[in-house]
Amino acid sequence: MMSNNRERINTKVSNSTEHGVNFTIDLVAENALLLSWQAKISLTQHNEIIALQAMITQQLGELIIETVASYHCLMVYYCPQLNSSLQVIEKINSVAKNASHKHSNGDDQDNNPNNKLAHQAAHEHCIKIPVYYDREQEWDLADVAKRCNMSMDEVIKQHSAHTYHGYALGFTPGFCYLASLPESLQLPRKSSPRIKVPKGAVAIAEQQSAIYPIESPGGWHIIGQTPLPMYESHHGQFNASIQVGQNVQFYAISKAEFLALEQGLVE
Amino acid sequence: MKKNFLEIITMNGQASIQDLGRLNAQHLGFSASGAADEFAFLSANKLITNKLSIKPVHNITKINNKLGNDAAIEITLGQISFKASAACTIAITGADCQAKINNVTVNNWQCHQLHAGDIIAFAMPKTQLHSYLSILGGFTCQTAQQPWLGSLAQTVNEMALGFTGEALMVGSKLYFSTQNQPLAEATPAQTTQLESLKANRPTTAPDLFYPKQKLTLRIMPSRLFLQMSSAQQQQFLATEYVISPNSNRMGYRLHVKPSQTSSPDKKILTQQLRSQCLLSMPVTYGMVQFPDNEQPIILMKERQTMGGYPVLGTVMQTDLFRLSQMRPGGEVAFTLITHPQAQQQLRTFYQKLY
């Protein structure tokens, strides 16, 4: 009974690796497909995901309601009243095959000179985020230093020496998951989340860093605060300050600079 | 002119403005949000418009512009009253709050006429959670606000952003569109129209839609679930759960029913499988998350867009509408369904209710 069921119930619809496409597709809801790549944080893989996301949005237009990217997945929403899942899957596969065809017509991604240029351009457009790393121990800087077995200065130095990549937006509007944090700073989430994390809090957890766009609950370790807003909106549009696929660096500022910037932005 | 409104004059529970939500803004991190129980929400809109549209909807913008998606007030656990500043025609559905217009009890799942100065009061419902109040012509909400990213739906965690008006409270005024002449003032033809609106009944009887007691949730299994051993799958499907008090529009938390708690060493999900699921990924409506304590969390309308727990499968949407009306203490269990079956159920549901 059960084994019969298991076969009928199987929702794996596509294992596309044999076509040079590196993801699988699962039917995860009546109106959603989940494309999954290898469960790892990899810049090359993520660039492939967001490139495919852009092509799906462009080429499949009205078929698609929404796409949401993360480290190793792409969720695709469509309208089941209009299109069968199989139609949508077929189209996604054909978009992906064309894309991988273009890539493989030469060399792999990392050796492709165009890709190198793209990477360089992305680095030049690195977003610089000023952070007041709070030494007054209101938040978690001292605790993080202790648990990572280093000085607070060293935590600041390591956190701000690194370039991060935006892998996903989520949790709250404009909250961008940035990776990867240097291994020496990696800690599990706090065992019990804070009820209130302030707007602009710069926090770390596991391999990730992020900035809280609005006051909200949160379970990450807060090491500082930025005066920069994490979103802007006008004419009914919402723009996250850090977009998926962008690169980010943090730099330390003093409390006085923090207050000046914060006030300057308020005026 | 935005003169006509319903004003909240007493409130002792929760209420918010809801429509079918903003599925299309999840890539920015916005919750999809939307009416918890689409059966009651769409029934309210259908009662009041009596429009039978089974045309396919092209995309979310068009879904949101459809008559059936006019924003309604979602009232949770009743205990609220409104005063009408002008004549209007309303429909009430969902949890039965023994609604009274000027102290006279009126039927649930029906259209009613309010005159200027009338008061409609909702009591605490004896069963279920969410009731819907829709209005002919649709609410334009508090300050005639524009839909935000295609929807007027309010999300608790996003109210601080200020894009969807203020949280509803005593004194909140909910403006309604004046494009539709209130039926009360009243050519004979319109009076007949009101009588015929009052005669409208839901296309599916609510008694047939909602479960009497225990609800068996039909889930589409995830890839992870299919990797579990047959014994582990059976163990999950044989477990009876109780809805925890710590459940809300974001998610329903379940506990294993106390009478049948199994030995703690008998884990449903092995560490080996669990370790494949460490990275946060996009999540959707109805996903069954399975944290270390093996007490499932079912993601509901106000879910966040990303999640980090292993997912065993996705509850089909028509069962989620049923689940959203169940209170803490209610009993649920899971059974499997295929994707095409779930999709067919949803298609049939929308054909009846749009």
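Reader: How many cavities of 30 Å³ or more does the structure hold?

Author: Rolling a probe the size of a water molecule over the atoms shows where empty space is left. In this model, which is predicted, there are 4 cavities of 30 Å³ or more, and the largest cavity has a volume of about 300 Å³.

Reader: Which residues lie nearest the centre of the largest cavity, and which helices and strands supply its lining?

Author: The lining of the largest cavity is made of 22 residues, and those nearest its centre are N31(A), L23(B), E38(B), Q317(B) and Y350(B). At least two lining residues each come from strand 5 (73-78) of chain A and from helix 2 (60-65) and helix 9 (339-353) of chain B. Sorted by class, this lining has 14 nonpolar, 5 polar and 3 charged residues.

Reader: What volume does the second largest cavity have, and which residues line it?

Author: The second largest cavity holds about 70 Å³ of space. It is lined by 14 residues, with F171(A), S31(B), N157(B), E158(B) and Q304(B) closest to its centre, and by class the lining has 4 nonpolar, 7 polar and 3 charged residues.

Reader: Turning to the cysteines, how many disulfides does the structure hold?

Author: A disulfide is a covalent bond between the sulfur atoms of two cysteines. Over all chains the structure holds 0 disulfides. C88(B), for one, is in no disulfide, and the nearest cysteine sulfur, that of C111(B), is 11 Å away.

Reader: Is C88(B) buried or exposed?

Author: C88(B) counts as buried because its relative accessible area is 3%, which is under 20%.

Notes:
Residues are numbered from 1 along each chain as its sequence is written. Chains are lettered from A and ligands numbered from 1 in the order in which they are written. This is a predicted model: local features need pLDDT of at least 70, side-chain atom pairs count only at pLDDT 80 or more; totals for chains, interfaces and linings use all residues. Side-chain values use heavy atoms; hydrogens and water are left out. A disulfide is a pair of cysteine sulfur atoms within 2.5 Å. Buried means under 20% relative accessible area, exposed over 50%, partly exposed in between (1.4 Å probe, protein chains only). On a 1 Å grid over the protein atoms alone, a cavity is a set of points where a 1.4 Å probe fits but cannot get out, and a pocket is an open set with protein on both sides within 12 Å along at least five of seven lines; lining residues have an atom within 4 Å of a point. Grid points are joined across faces, edges and corners, and a volume is the space filled by probe spheres set on the points. Helices (H or I, at least four residues) and strands (E, at least two) are DSSP runs, numbered from the N terminus. Ala, Val, Leu, Ile, Met, Phe, Trp, Tyr, Cys and Pro count as nonpolar, Asp, Glu, Lys and Arg as charged, and the others, Gly among them, as polar.
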